Amino acid sequence: MKVLNASFSTLLVVICSSIMAQAPLKYFNTNDTHCGTDAYTEEYFQAHPEKRIEFSDNSRAIFERARHTSARGNEKFIIPVVVHIVHDNGLGNIDLEQVQDAIDILNEDYERFNADANETREEFKPFALGAPFEFRLARFDPNGDPTDGVVRINNPSKTYNMRNDVKSVSYWNSRYYFNMWLVNSIQSSSGGTVLGYAQFPGSGSWSTYGLVMRHDQFGRIGTSVADGRTLTHEMGHCLGLYHTFQSGCGTRCYDRGDEICDTPPSSSPTYNCNFNQNTCSTDENGNKIDFVVGVGGDTIRVDTIELEKDYPDQIENYMSYDACQNMFTRGQVNVMLEVVKSYSRLEDLTSDNNLDATGVSQLYSADFEADRLMVCTGEEVKYKDKSAYGPESWFWVLAGATPEMPTGESVSVKYKSPGLYSARLSVSNGLITKIKNKDNFIMVNPKDGYFFPDFEADFEDGLFPSAKWIAEDADLDGVTWEMNSQVGSSGTHSMKLNNFNSTQGDLDILYSSTYDLSVFQSAELSFSYASAEKFVSNNDRLIVSYSTDCGENWNSFWNVNTNNLATASPVSGSEFVPSSSDWTNVSQSLPLAAASSEDVQIRFSFISGGGNNFYIDDINITGVWKGKPTLNSPEIGEEVDAFKATLDWKSLDGVDEYEYQISETSDFSSILKSGKKSFIGISPDGLDTEVEINSLDRGKLYFWRVRGLNAGTPADWSDEWFFRISQTVSQEEVFTIAPEMQVFPNPTSGLLNVRFVGTDESFKLEVRDLSGRLVLASSNEVSETSSIDVSNLVEGVYLVSASNSSSSFVKRFILRK
């Protein structure tokens, strides 16, 4: 073992002590535009001068140790987080999705998984490094009860112009939780706009340790008007980092700039991302401190800095004020790691025992989201895992989707049939399995909407949600539209929104499915509703919108009774339940784009103004029929792969028969075929609105039209459409059977037969329970008809799948003994 001799040890201590002794006490700028950390810290030290000395000494020691530490190893620190949202009657009460979005951005930035990491300039890429920290919302509160990691406090007096007084409103022990407080605005010492501020570790009481931010700077979605990087910046302060311009320019890297030697110093804060900016020109002067001492033939080298030239300002650093931030340096990562190791409270915060106690150490729960909760048939839906924490495998059961049982953290599927479908996700980390099932999760609408009379909704069937109506809890408060079986406008049922306990600004939405109104030349929407305020000053709102693109875009066309939505006198002390006289009926013409659409949807958006309960019933659409039929298929220009075509049109009202014509000329001067169909009813699916035309010639273009007749008197002809018979069709039409898998008997008592039709491929068979757990598998691939013995399984519902490299099938079966 080699031992340093006494003279060298003494020399090294003297040199290091000399370096530390030369560093002055820490002082901070009181100009707090954007970041209020410096002003907050300086004000604290002015009130507690003895703490400035203690902090300065601790900080110098930490930074000195960090200069001699290798940048991150395999160690990772997980930090449990609690977010205290202090709002003003809903203003600033951001939803959980925005909170999680902010945490996601924070984790991406610290691990250097941020999408703009590649925008770091080439000269700084060797110094850029991810920090081994992961921030997770706590899952158990201080009492050991489940939590989503968010505390919501309605306190209008503690959310504006705030400083540390907000921290007394809600606080969890900082030894076990990292506290974030969100408010509407923050007090400024200099008259500027403060976006957030942090407390350096060791610069004040641990009962106030954490950060305070405006809610509109938190994350990138919801109420945010920012890029989410304010949180990254303020968290850097909480882990001991200074601004890159903290101590200005100078000749010694360890007491200039941010006092970290691989971060070029800046003279002052800048904001505009000028990549030619270089406010300090002395980076290489004195910024390299080398001690080279020979001991017993060995050379010991202590190198504190890599900078060997004058660099431009590192405006992409998270601890600058510039808008192009995307990196931490290796030296900054070293400091943050050293800070955590230097304070017992932070060691406790990140300890294994505390991670277990706060519920962030292992797979806690399964959860997922979809990019759309309403789609039309054939459209893609993207599902994404949102489980906490650390799943390693994913198994989805998406009823009605193709594929129905995908695997992977994110999956894309399509639905071919309209309906209301559930979704299930099973996740595992190899030791623990968690399952999340969401019933009635996604509404799949027909691309060409349901027949319009089906729109009428009196809700007397008591079914909700259904394939025709669903609700969205847009504010995520757990309260939204629900079926009410006690009162109605014309019966005993209606849709109710429990607004009595809602917060001002809460948003809840009621959606219809898609409906075909193309038979109308104009249409009108009507419904009945009942509403009461708590006080005359309340102002609830109901906004009606329509969509003609399967819910992608919505157009508002009706703000119902803008000035006063109430139909009854105020009820302040109890929930409003309407009497028969409290109902009112309203109607509004639909815009033409909606009134003639084949796939219109209606949306009712209720925005709480602090009032009482709201009820809606007897929703209906009526219209003025067009005077001529609307053609359906073959569509204009369609190529038909057969020697026959089925002409299909939409019904008319007030006729007793239809007349159709098909011609080879657009002026119908020569009629190839014509005929009449007797009127049966207004349903578009009746036999009276279609006719099959045979013996058509290959490659030819045909024109067709239809009109209605009433007592022999003809109405106007429809628009004239044309189609072509394909050139490639032969006289002998070929019919193919779509490949499918059949299972029987179903239910089975023990032996399940599997038959493949329309394919001669071989498949591997697997049986899973509804959680996705594999319970049985075939040892060899099978084809045609095979049998599986499932008698050893417990009774219940299972999924049998068959797959190979090119295709797969899934069927449900029931085991009953």
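**Reading side-chain features**

Analyst: Let us begin with a charge over a ring: the charged end of lysine 534 sits over the ring of phenylalanine 500, at 4.9 Å from the centre of that ring. Please keep in mind throughout that this is a predicted model.

User: Which residue lies over the face of phenylalanine 668, and at what distance from the ring centre?

Analyst: The general idea is that a charge counts as sitting over a ring if NZ of Lys or CZ of Arg is within 6 Å of the ring centre and within 35 degrees of the ring normal. Over the face of phenylalanine 668 lies arginine 705, at 4.1 Å from the ring centre.

User: How is a pair of aromatic rings described?

Analyst: Two quantities describe a pair of aromatic rings, namely the distance of the centres and the angle of the planes. In this model, a search of the whole structure finds 51 aromatic pairs. One of them is formed by phenylalanine 200 and tyrosine 242, with 5.5 Å from centre to centre and 75° between the planes, and this pair is edge-to-face.

User: Where in the chain do phenylalanine 200 and tyrosine 242 lie?

Analyst: Phenylalanine 200 is in the loop between β6 (194–198) and β7 (211–214), while tyrosine 242 is in the loop between α5 and β8, so the pair ties together parts that are 42 residues apart in sequence. Phenylalanine 200 counts as buried, at 1% relative accessibility, and tyrosine 242 also counts as buried, at 1%.

User: What kind of pair do phenylalanine 606 and phenylalanine 614 form?

Analyst: Their ring centres are 5.0 Å apart and their planes stand at 40°, so this pair is tilted. The relative accessible area of phenylalanine 606 is 1%, which makes it buried, and phenylalanine 614 counts as buried at 0% relative accessibility.

User: Which residues do ring pairs link into a cluster?

Analyst: Ring pairs link Phe28, Tyr44, Phe45, Phe55, Phe63, Phe200 and Tyr242 into a cluster. Phe200 and Tyr242 are the partners of the edge-to-face pair described above.

User: Now I would like to turn to cysteines. How many disulfides does a search of the whole structure find?

Analyst: The idea to hold on to is that a disulfide is a pair of cysteine sulfur atoms within 2.5 Å. The search finds four disulfides, and, when the bonded cysteines are counted along the chain, they follow the pattern 1-5, 2-3, 4-6, 7-8. One of the four joins cysteine 253 to cysteine 261, with 1.8 Å from S to S. The torsion about that S-S bond is about 70°, so the disulfide of cysteine 253 and cysteine 261 is right-handed. Cysteine 253 is buried, with a relative accessible area of 6%, and cysteine 261 counts as buried at 3%.

User: Which parts of the chain does the disulfide of cysteine 273 and cysteine 324 link?

Analyst: In this disulfide the distance from S to S is 2.3 Å, and the link is left-handed, with -120° about the S-S bond. The pair links distant parts of the chain, since cysteine 273 is in the loop between α5 (229–238) and β8 (290–295), and cysteine 324 is in the loop between β9 (298–303) and α6 (330–342), 51 residues apart.

User: Is the disulfide of cysteine 376 and cysteine 550 right-handed or left-handed?

Analyst: The sulfur atoms of cysteine 376 and cysteine 550 are 1.9 Å apart, and the torsion about the S-S bond is about -100°, so this disulfide is left-handed. It links distant parts of the chain, with cysteine 376 in strand β11 (residues 374–376) and cysteine 550 in the loop between β25 (541–547) and β26 (555–559), 174 residues apart. At 0% relative accessibility, cysteine 376 counts as buried, and cysteine 550 counts as buried at 0% as well.

User: Finally, which residues make a nonpolar surface patch?

Analyst: Leu25, Tyr27 and Ile53 make a nonpolar surface patch of about 290 Å². Leucine 25 lies in the loop between α1 (6–22) and β1 (34–35), and at 32% relative accessibility it counts as partly exposed.

Definitions and conventions:
Residues numbered from 1 in each chain as written. Predicted model: local features only at pLDDT ≥ 70, side-chain atom pairs only at ≥ 80, totals over all residues. Heavy atoms only, no water. Buried < 20%, exposed > 50% of the residue type's maximum accessible area, 1.4 Å probe, protein only. Helix = DSSP H or I, 4+ residues; strand = E, 2+ residues; numbered from the N terminus. Patch = residues over 30% accessible without salt bridge, like charges linked within 9 Å, V, L, I, M, F, W, Y side chains within 5 Å. Areas by Shrake-Rupley, 256 points an atom, 1.4 Å probe, with all protein chains shown as cover. Salt bridge = Lys/Arg side-chain N within 4 Å of Asp/Glu carboxyl O. Phe/Tyr/Trp six-rings, centres within 6.5 Å; stacked < 30°, edge-to-face > 60°.
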